[in-house]
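User: Please take a close look at one strand and its pairing partners. Then set that part in the context of the chain.

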Amino acid sequence: MDDFNHCYDLLLARRSIRRYEDRPVPEELVTRLLEAAMAAPSSSNEQPWHFVVVTERAALNELGERHPYAHMLHEAPLCIVPCGDLDLVPDGLGGEYWVQDVAAATQNLLLAATALGLGGVWCGVHPEPERIDMVREVLGIPERVIPFCLIPLGYPAEEKHPRTQYREMRVHHERW
Ligand SMILES: Cc1cc2nc3c(=O)[nH]c(=O)nc-3n(C[C@H](O)[C@H](O)[C@H](O)COP(=O)(O)O)c2cc1C
């Protein structure tokens, strides 16, 4: 039960953090975040992901300018961009699972950030074609690789409280 309580506290503590202190995230922590991301489950264990780590101010600002809901990038010292590589997934319907694989990695990364005292927010890119093209252009991402989301990260400069979103009415036992 101790393990569950620890895990549940972390799950509730993860909130979208959009204000950051003006200090960099140490490289060792970036590596921890990427290790956590790549520990995610993936369909047939294909691990069809790549992660672009962005710290250059000009690129952070351009992404913040051109994504409609990621203005916090003007303040963030770091952005990690999880991507799906279409050359690493099988042909046919099975190939569609990359979206879920990269989403699982994204959530792992956000939870790890919380545990490390960092804050971040998932900013949607896929499946919006204009946002995909924009991120590809800014970061030089190849055509067969799809930027999935932007994750601005940093030391939190805002406090958000844990909260449950449990709704019993959304649970269906045995049948709908
Ligand atoms: C697929 C997805 C796309 C999102 N896109 C954005 C975004 O573009 N900008 C933003 O500020 N927040 C974005 N969010 C964060 C949500 O607004 C946030 O998770 C939600 O309001 C719940 O708040 P919480 O994360 O603090 O629990 C996104 C979240 C998800 C899962």
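Analyst: Two strands pair if DSSP finds at least two bridges between them. Helices (H or I, at least four residues) and strands (E, at least two) are DSSP runs, numbered from the N terminus. This is a predicted model: local features need pLDDT of at least 70, side-chain atom pairs count only at pLDDT 80 or more, and totals for chains, interfaces and linings use all residues. Residues are numbered from 1 along each chain as its sequence is written.

Take strand β2, residues 78–85. Strand β1 (residues 49–54) pairs with β2 in the antiparallel sense, over six bridges. In that pairing H50 stands opposite C83 of β2. Strand β6 (residues 149–154) runs antiparallel to β2 and is joined to it by three bridges. Here I80 has I151 of β6 as its bridge partner. Strand β5 (residues 145–147) is also antiparallel to β2, again with three bridges.

Now burial. A residue is buried if 20 or more other C-beta atoms lie within 10 Å of its own, exposed if 12 or fewer, and partly exposed in between; C-beta atoms are placed from the backbone. On that count β2 is mostly covered, with seven of its eight residues buried. Across the protein chain, buried residues make up 31% of the 176 residues.

The wider fold comes next. The protein chain has five helices and six strands. In sequence order the pattern is α-α-β-α-β-α-β-β-α-β-β. The radius of gyration (taken over C-alpha atoms) is 17 Å, close to the 16 Å that the globule rule (2.2 Å times the number of residues to the power 0.38) gives for 176 residues, so the protein chain is as compact as a globular protein of that length. Its C-alpha trace spans about 50 × 45 × 30 Å along the principal axes.

Two residues are in contact if their C-beta atoms, placed from the backbone, lie within 7 Å. Of the contacts in the protein chain with a separation of 6 or more, 78% are between residues 24 or more positions apart.

A helix gives one example. N108 lies in helix α4 (residues 98–115). N108 counts as buried because it has 20 C-beta neighbours inside 10 Å. Leaving aside neighbours within four places in sequence, N108 is in contact with A36, A37, A39 and A40. N108 and A37 are 71 residues apart along the chain, yet their C-alpha atoms are separated by 5.0 Å.
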